[in-house]
Amino acid sequence: MNKEFLTQYGYANATNDICLEYSGHISQIMIKEMLLSLKIETDSMGISLTLLNKLNTSFIEITQNILKYSKKMTDNHKNCLNKVLVFKENEKCYLVSSNIIGASSKEKITSRIDEIQTYNKDQINERYFELCKSGDNSHVQGGGVGLYQIARKSDDIKYMIEKVSDTMYRLKIMVIINIK
Amino acid sequence: MNNLTIKEEEYTPLVELDVKGILSFKGKSYSEDTFKFYTPVMAWINEYFDYNTPSSTVVNMEFIYFNSSSSRVLFDIFNIFEENINKSKISINWIYDEEDESSKEDGEGFQISFKSLDVKLVAK
């Protein structure tokens, strides 16, 4: 993950322990292998089972979102690369993702994160279980319940959007989990 | 009606459904198509409650972690339990590692969402 990418989140100059960095095609098998790699890295960090659960669940949601919703840009392969980064800094764990999405996904995902950012933890949990029980956004694409799952398991979720063509956007999501 | 056993695989849990009234789920659940995986499970549970249901049913759920799609399906399964609450005395054990507060919170979520069901949090 290059410094320019991290700079946009204000972390390029900070020291950090990178647990995982990946750029390229995402598949279910890749997700499984990355989880295994994360396990090896986090085993040596001595983190709690609680944090491990939060990290693994958030990681799965972020990467499966990329798997389901990413678009390809046939005229600019390099620009459509998916990216995933997990690093630890001070007492926080960061998951960062970057991928190309279409306009309809952009609206759904960003409005959902905007909504989440107005809620406190209790409200996030309440809304999550409400959505699960109601069946809304259940098996439909568009970043529904998954983003709430990430919000439940983390301490902050942010995003950045860049227009890369008339119909495509680069979505960057950062999830922050307090270690203590 | 026969028992249903689905072996644990890379992205899906061990599922053991016994007509005598013990339903167990154990492992990770983050398949790409969770709905496809759980469709036969839900079909079995529906059939279980339609024919000669035992007087008591014990459900053991022990998930290491699960994705949001799995969560949605688990809610569908809990809905089935809730709909059939008069056909069998249903006890649900949400089993978690005592050091995993996050998993405990997941179980609490089911307790709150399904107040008519007997959902116990079991630390191991």
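User: What makes strand β3 (residues 92-102) and strand β5 (residues 168-178) of chain A a pair?
Analyst: Strands are DSSP runs of E of at least two residues, helices are runs of H or I of at least four, and both are numbered from the N terminus. Two strands pair if DSSP finds at least two bridges between them. In this predicted model, 11 bridges join β3(A) to β5(A), so the two count as paired, and they run antiparallel. One of the bridges links A:Lys92 with its partner A:Asn178 in β5(A).

User: Before we continue, which conventions apply to numbering and to the model?
Analyst: Residues are numbered from 1 along each chain as its sequence is written, while chains are lettered from A and ligands numbered from 1 in the order in which they are written. The model is predicted, with local features needing pLDDT of at least 70 and side-chain atom pairs counting only at pLDDT 80 or more, whereas totals for chains, interfaces and linings use all residues; side-chain values use heavy atoms, with hydrogens and water left out.

User: Why are β1 and β4 of chain A called edge strands?
Analyst: The sheet is open, with 5 strands in the order β1-β2-β3-β5-β4 and antiparallel pairing. Strands β1 (17-23) and β4 (156-163) each pair on one side only, and they are the edge strands. From one strand to the next, the twist averages 15°.

User: How is helix α2 of chain A placed against this sheet?
Analyst: Helix α2 (residues 28-43) lies across β1 and β2 (83-89) of chain A and runs at about 165° to β1(A). Such angles are taken between N-to-C directions, from 0 to 180 degrees, with axes fitted as lines to C-alpha atoms, for helices over the stretch in contact. Contact means heavy atoms within 4.5 Å.

User: What is the overall make-up of chain A?
Analyst: Chain A has 6 helices and 5 strands, which follow one another from the N terminus as α-β-α-α-β-β-α-α-α-β-β. Among its contacts between residues at least 6 apart in sequence, 69% join residues at least 24 apart.

User: Turning to chain B, how do strands β2, β3 and β4 pair?
Analyst: Strands β2 (residues 14-18) and β3 (residues 22-29) pair in the antiparallel sense over 5 bridges, and B:Leu17 stands opposite B:Leu23. Their hairpin has 3 residues between the strands, and B:Gly21 takes a positive phi near 110° there. By contrast, β3(B) runs parallel to β4 (residues 56-66), to which 7 bridges join it; B:Phe25 stands opposite B:Met61 in β4(B).

User: What is the hand of the crossover from β3(B) to β4(B)?
Analyst: The chain passes through helix α1 (residues 34-50) of chain B, and this β-α-β crossover is right-handed. The term applies if, with the strands pointing away from the viewer, the path from the first strand over the helix to the second runs clockwise.

User: What makes a group of residues a nonpolar core, and which residues have the most contacts inside the largest one?
Analyst: A nonpolar core is a set of buried Ala, Val, Leu, Ile, Met, Phe, Trp, Tyr and Cys residues joined through side-chain atoms within 4.5 Å. The largest has 75 residues, and those with the most contacts inside it are B:Phe25, B:Ile45, B:Met61, B:Ile77 and B:Phe81. Helix α1(B) gives the most to this core, with 8 residues. A second, separate core of 6 residues includes A:Leu85, A:Phe87, A:Met174 and A:Ile176.

User: Why is B:Ser91 called buried?
Analyst: Buried means under 20% relative accessible area, exposed over 50%, and partly exposed in between (1.4 Å probe, protein chains only). B:Ser91 has 12%, so it counts as buried. This residue is found in strand β5 (residues 89-96) of chain B.

User: How are B:Asp118 and B:Lys115 classed by accessibility?
Analyst: B:Asp118 has 31%, which lies between the two cut-offs, so it is partly exposed. B:Lys115 has 67%, which is over 50%, so it is exposed. The place of B:Lys115 is in the loop between α3 (101-113) and β6 (118-123) of chain B.
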